[in-house]
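Please look over the model below.

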Amino acid sequence: MADASLEKGPEEPLEEVPNAAPPSVPDGGLQAWLTVAGASVALFVSFGWVNCIGLFQAEYETNQLKDFSSSDVSWITSMEFFFMLFTSPVAGKLFDSYGPRVPIAIGSVLHVFGLMMASLSYKYYQFMLSQSVVSGIGSSLIFTPAMTAPQTWFRQKRGLVGGLTVAGSSLGGVIFPLMVQHLLPQVGFGWTMRICAFLILGLLVIANLTISSNFPHTPRPFSVMRYLGPLQELNFGILCTASFFMYWGLSVPFDYIVVEAIHYGMSSHMAWSLVPILNGASFFGRTVPNYIADKVGRFNVMLVMTSLSAILVLALWLPSRGNGALITFAALFGITSGAIIGLGPVLIVSISPMNELGYRMGTILAFAAVGTLTSPPIGGAIAADTGGSYTYTCVFSGVSFVMGTIGLAALRVRLSGWGLTTKI
């Protein structure tokens, strides 16, 4: 067993959590489940939309920005993911101070406006400003409160609720690519983006009306030290580092699975279908493992899924050349990566006081954002330096997963010791 001083050192917030929790956690009820449903809708239009980065990488490389390199184009998609995660501390601060409805309302306006402006764009900087910056920040103001609010209504079912919430992003990652794939040849890029934006607007009305918090929210003055404080806790710092490496590895397959498949001979139509296949499979990865995690331990299941992701990238995606192998990888990686995305916020709750949950979740997501910003351009540059081969790009992704798994394993040992059967 781990030394007691490691388990309950002065830097740990674990014993604060029960005292900081809301006075009554119903673990159910109409308002609680409406919040889960609304949050799932919010994830559908925010994270679900951003899950389509591989589709836009291929579209821009082929048409609007065909004169730019793959690495250059990947900055647009990676910046969109980056802003969605990096501005999470701001969204978390707004959530802690005002509840979920203020940041979600602001984010709704920015997200829809950014996509409408992207529909009118035709230059590189215009796509960067509209889709990456404005829509990305809007997505962050929707995503972070929507991930956090359901956790305030539940205690025993947090894993399951987190999975149901994130499952909305899987459905978005299936439906949006299919919409875009069928609309583009019929109405063109501009109207395809507008139709998607109108759908997002309608669903955001539902999200704004249903998401609520079970925690009292009081505006507090901004303090830089308050935000830096959690980084002094070793457990929190380890989770931040592990999250960075996991998203460093995660972003590469999401961004390059389509263009890599086309490079190795898959038809464009089939390659574009890999995005909905991956996201469709991630629906199961974002729900079933979370349910199991409530039974056998959330860190335990997360470690299994990060390990499997590393194995899939290095043992299946790396040598894959035929259609069957690439489709199999997309489906299996969708399951394991979905579990990583779905269980990540639940791990944050496990080591955070409830009254600091918003900005703590935002801080860890900001570390993840640096990974999503840098790994696609790095992967593109590696491919360009090797004559268009994605071999070492796959290695980069797989090794990143290994590093993230090592970090999570170290944190689990600190929290519960070396016992493999310990539920945590």
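## Basis

This is a predicted model: local features need pLDDT of at least 70, side-chain atom pairs count only at pLDDT 80 or more, and totals for chains, interfaces and linings use all residues. Residues are numbered from 1 along each chain as its sequence is written, and side-chain values use heavy atoms, with hydrogens and water left out.

## Helix α12

Helices are DSSP runs (H or I, at least four residues), numbered from the N terminus. α12 has 30 residues and spans 43 Å from first to last C-alpha, close to the 44 Å expected. The expected span is 1.5 Å times one less than the number of residues.

A kink of about 55° is centred on Tyr256. The bend is the angle between axes fitted to the seven residues ending at a residue and the seven starting there. Of the 30 residues in α12, 25 are buried (under 20% relative accessible area, 1.4 Å probe, protein chains only). Just after the helix, Gly265 has a positive phi of about 105°.

## Pro253

Beyond residues up to four places away in sequence, Pro253 touches Val313, Trp317, Phe329, Phe333 and Ser397. Contact means heavy atoms within 4.5 Å. Pro253 and Ser397 are 144 residues apart in sequence, yet their C-alphas are 7.7 Å apart.

## Second largest pocket

This pocket has a volume of about 190 Å³. On a 1 Å grid over the protein atoms alone, a pocket is an open set of points with protein on both sides within 12 Å along at least five of seven lines; a cavity is a set where a 1.4 Å probe fits but cannot get out; lining residues have an atom within 4 Å of a point.

The pocket lining includes Val259, Ile262 and His263. α5 (53-62), α12 and α17 (357-385) each give two or more residues to it. The lining has six nonpolar, five polar and one charged.

## Largest cavity

There are two cavities of 30 Å³ or more. The largest holds about 160 Å³. Its lining has 19 residues, with Tyr247, Gly344, Pro345, Ile348 and Leu365 nearest the centre. α16 gives the most, six residues.

## Ser40

Ser40 sits in helix α3 (residues 30-45). With a relative accessible area of 17%, Ser40 is buried. Leaving aside neighbours within four places in sequence, Ser40 contacts Leu164, Thr165, Ala167 and Gly168.

Key: Buried < 20%, exposed > 50% of the residue type's maximum accessible area, 1.4 Å probe, protein only. Points joined across faces, edges and corners; volume = space filled by probe spheres on them. Nonpolar A, V, L, I, M, F, W, Y, C, P; charged D, E, K, R; others polar.
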